[in-house]
Amino acid sequence: MATSQVETVSTGADKAKLAASAALVVAALAGFYLLGKQGQLAQWAALLVGLAAAVALFFSSEPGRQLIAFGRDAWREVKKVVWPTRKESMQMTAYVFAFVVVMALFLWFTDKTLEWVLYDLILGWKR
């Protein structure tokens, strides 16, 4: 079994980019609330521009590039999945419903049997 060693290198520039990105998110939220008297257009513009700048700055850092690579790899794996046909999906759904009905009947029969044994035979509480 091969073991792969993962190295995480976090440079000062990446840390600064992440801190600046977080500061941009806070500034965007503060701008949204502070520009309340300027009108909704100014509020939403400040929020969206600030968030867009924060996202752009985050994706320029190494953790952002790793997130993009992870998403690309995940999408590649999703494309490899063999999805069931409509007929197969309907058959499996029918099997599940049939199993649920059978289990419900079994549990009802077990409950009534135990009720009869305990209340009628052992305790003698006839109704």
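The protein I am showing today has four helices and zero strands, where helices are DSSP runs of H or I with at least four residues, strands are runs of E with at least two, and both are numbered from the N terminus. From the N terminus on, then, the order of elements reads α-α-α-α. Please keep in mind that this is a predicted model, in which local features need pLDDT of at least 70 and side-chain atom pairs count only at pLDDT 80 or more, while totals for chains, interfaces and linings use all residues. Residues are numbered from 1 along each chain as its sequence is written, and side-chain values use heavy atoms, with hydrogens and water left out.

Let me begin with the overall dimensions. The radius of gyration of the protein is 30 Å, whereas a compact globule of 127 residues would have a value near 14 Å; the radius is taken over C-alpha atoms, and the globule rule is 2.2 Å times the number of residues to the power 0.38. Along the principal axes, the C-alpha atoms fill a box of roughly 80 × 55 × 35 Å. Buried residues account for 9% of the 127 residues, and here buried means under 20% relative accessible area, exposed means over 50%, and partly exposed is in between, with a 1.4 Å probe and protein chains only. The protein exposes about 10,900 Å², of which carbon and sulfur atoms supply 71%; these areas come from the Shrake-Rupley method with a 1.4 Å probe, and for residues only the protein chains shown count as cover. If we take contacts between residues at least 6 apart in sequence, 46% of them join residues at least 24 apart, a contact being heavy atoms within 4.5 Å.

Leaving aside residues up to four places away in sequence, Ser21 touches Ala54, Leu57 and Phe58.

I turn now to the aromatic side chains. A search of the whole structure finds three aromatic pairs, and the rings of Phe, Tyr and Trp (its six-membered ring) are said to pair if their centres lie within 6.5 Å, with planes under 30 degrees apart counted as stacked, over 60 as edge-to-face and the rest as tilted. In one of these pairs, the ring centres of Phe32 and Tyr33 are 5.2 Å apart and the planes stand at 85°, so the arrangement is edge-to-face. What is the arrangement of Phe32 and Trp44? This aromatic pair is likewise edge-to-face, at 5.1 Å centre to centre and 70° between the planes. Because Phe32 lies in helix 1 (residues 12-34) and Trp44 in helix 2 (residues 40-59), the pair ties together parts that are 12 residues apart in sequence. Phe32, Tyr33 and Trp44 form one aromatic cluster, within which Phe32 is buried at 15% relative accessible area, Trp44 is partly exposed at 44%, and Tyr33 is exposed at 64%.

Next, the charged pairs. Arg65 is partly exposed at 41% relative accessible area, and Glu62 is partly exposed at 27%. Also in helix 3, Arg76 and Asp73 are three residues apart, which separates them by about one helical turn, and their salt bridge has its closest N and O atoms 2.9 Å apart.

In helix 4, Lys112 and Glu115 are again three residues apart, about one helical turn, and they form a salt bridge with the closest N and O atoms at 3.3 Å. Is Glu115 buried or exposed? Glu115 is buried, with a relative accessible area of 18%, whereas Lys112 is partly exposed at 39%.

Leu114, Trp116, Leu118, Tyr119, Leu121, Ile122, Leu123 and Trp125 form a nonpolar patch with about 870 Å² of accessible area together. Patches are made of residues with over 30% relative accessible area and no salt bridge, like charges being joined within 9 Å and nonpolar side chains (Val, Leu, Ile, Met, Phe, Trp, Tyr) within 5 Å. Trp116, one of the patch residues, lies in helix 4 (residues 86-122) and is partly exposed at 47% relative accessibility.

Note on methods: A salt bridge is a side-chain nitrogen of Lys or Arg within 4 Å of a carboxyl oxygen of Asp or Glu.
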